[in-house]
Amino acid sequence: MNEQNSTLKLFGRQGNTEGFELREFLQRHIVNFEWIEIDDHDTCLAHLGIPDLDNVRFPVMQFKDGQQLFNPSVRDVADRLGYIARPRLKEYDVSIYGAGPAGLSAAVYAASEGLSTVVIERAAVGGQAGTSSLIENYMGFPEGLSGAELADSAREQALKFGAEIILMSEGVKGEFIDGRIHAQLADGNKMVARSNICATGVEYRRLDLPREDEFLGKGVFYGAGASEAPLCKGKVVYVVGGANSAGQAAMHFSDYAEKVIMLVRGGSFAGTMSKYLYERVSNHPRIEVRFNTEVTALDGDECLRKITIKDLKTDKEETVDTRRLFVAIGGKPNTEWAKDTDIKRDAAGYLMTGPDLIDNGKLPECWKFKRQPYYLETSVPGSFAAGDVRHNSVKRAATAAGEGAMAITFVHRYLREDL
Ligand SMILES: Cc1cc2nc3c(=O)[nH]c(=O)nc-3n(C[C@H](O)[C@H](O)[C@H](O)COP(=O)(O)OP(=O)(O)OC[C@H]3O[C@@H](n4cnc5c(N)ncnc54)[C@H](O)[C@@H]3O)c2cc1C
C-alpha cells in the first residue's frame, strides 16, 4: 500500500479551524486521513509525546512512517506525498494551465493522442468541480459522484497516457515568441510549448467585508467546503448564495449540521438554481432559506464568532452567533496573466475566442493569420481557451470537459499548419 492510500493523521486544536487548507487538499486528492483534535495536555502527550500543548505548532501532520511535520504548508505535504514533480522536457507540444475539468480533459485527449503534454496547476486537481460534494448532472453517473472522485480519476487517466501534471505551480505571465508560448511561472521557472490551453477557470468571489481575510479558513470558507462538513456536526451553519454551488453545499451540510441557513440576496431561486436542487433544498427539514438577505459584518477573535445579516426589504440588521460561514457566490476569471499580452479579454476579464473575436466584421489587429481563429482559439494563434474562463462559456463541469477535449482537436490542426 502506498502512502496515499494509508491513513495519515492530522492533529489540531479543538474548535479551531487551523489546518483547513491541509484538510481541503487531502480531501480533494482522496488521501485517507484522520483529523484528531488535541484538547488538553494529556491528549497532546498521548498522541504527540509532548506534554504541553502550548509548545506545539499546530497543525501537525503525521505520515505513515511516523514522521511529523509541524505547521507544514500545503506544498510541504504535497511534496512529501509525491505530488510535486518537475517538468521532464524543455519544450512540450501543448501546455495546459489549470487542472479543473477543462484542463484535465484536455490533458487526457492530448496525451492519449500522442502530444507531449504538461499541465500546470497552482492548487489542487479538479478546480471548482473538485470542491463539489456531489455532482449529479454529469453524464454517465446517475447516482452522482463527488468532485474529488471525478478529478482524481481524470488525473489518473491523464497520467496513464503520459501527461505530466505539475501541482503548486502557477502561470503568472505569458509571452509569445517564435510561435511558442513562454510562460513565466510563479517560482521563477519558465515553461515553453508550441501551443497552449488556458483552462484557469474562475476564482471565488468574496463578500468584500472588513476582517474577511482574517477569518479565512477560520470560520469563513469559500465554495462548498466539502472537507469541513463532518466538522459541522450538531452546529448551525450559514451558506451564502442562491446558485447550484450554494444549494449543493447546503444539502451536503444538512447531513451533518443541526441546521443550515441559506442567505440569498435575491427573492427566489428562479433562474439561479437547477429545479431538482431547489426543490430538495426548499423541502429539506433542516435547511432554512432566507431570501432578500445579505451578510454585512463579521466578528470574532482568533476565529469567526458572529455575523450580521441584513434584511434587504426592511433594512433591519441582526447579529447571530456562528463559527461556520460558507460563501458560494460565483467567481471572476483567472486571467491576470494575460493582461500584458495580445490575448483579448472582455470587460469582465473572460478570454475571447473564435467568432467572438470579430467586432464589426473585423478581427483584432494583432491577428496576423489569413485564416479565421478556430472556435476556441484566442487572439494569439495556437493559444486556446476552454471552460469557465472563456467568454460566454456555460458554467458546467461537462461543458468544461467537452471544451477541453475540443480544444485538442484545434491544437492538432494548428500544429499541422505550415507556419
Ligand atoms: C461548489 C461547486 C459545485 C458545482 N457543482 C456543479 C455541478 O453539480 N454540475 C456542474 O455541471 N457544474 C458544477 N459546478 C461548476 C463546475 O465545477 C465548473 O463549471 C467547472 O469546474 C469549470 O471547469 P474549468 O476547468 O473551466 O475551471 P475550474 O474548475 O475553475 O478550474 C480552473 C483551475 O485552474 C487553476 N488555475 C487558475 N489560475 C491558474 C494559473 N495562473 N496557473 C495555474 N493554474 C491556475 C485553478 O486552481 C483551478 O484548479 C460547480 C461549481 C462549484 C464551485
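Modeller: The side chains of R194 and D93 meet in a salt bridge, 3.2 Å from N to O (a Lys or Arg side-chain nitrogen within 4 Å of an Asp or Glu carboxyl oxygen). This is a predicted model, where local features need pLDDT of at least 70, side-chain atom pairs count only at pLDDT 80 or more, and totals for chains, interfaces and linings use all residues. Residues are numbered from 1 along each chain as its sequence is written, and side-chain values use heavy atoms, leaving out hydrogens and water.

Colleague: Which strands do R194 and D93 lie in?

Modeller: R194 is in strand β10 (residues 190-198) and D93 in strand β5 (residues 91-97), so the pair ties together parts 101 residues apart in sequence. Strands here are DSSP runs of E, at least two residues, numbered from the N terminus.

Colleague: And is D93 buried or exposed?

Modeller: D93 counts as buried, at 16% relative accessibility, while R194 is partly exposed at 28%. Buried means under 20% relative accessible area, exposed over 50%, and partly exposed in between, with a 1.4 Å probe and protein chains only.

Colleague: How many salt bridges does the whole structure have?

Modeller: A search finds 27. Among them, E377 and R371 pair at 2.7 Å, N to O, and both are buried. Salt bridges with shared partners also join K259, E288, R290 and E318 into one network.

Colleague: Changing topic, what does Q184 touch?

Modeller: Leaving aside residues up to four places away in sequence, Q184 touches E170, G171, V172, K173, N189 and K190; contact means heavy atoms within 4.5 Å.

Technical notes:
Helix = DSSP H or I, 4+ residues; strand = E, 2+ residues; numbered from the N terminus.
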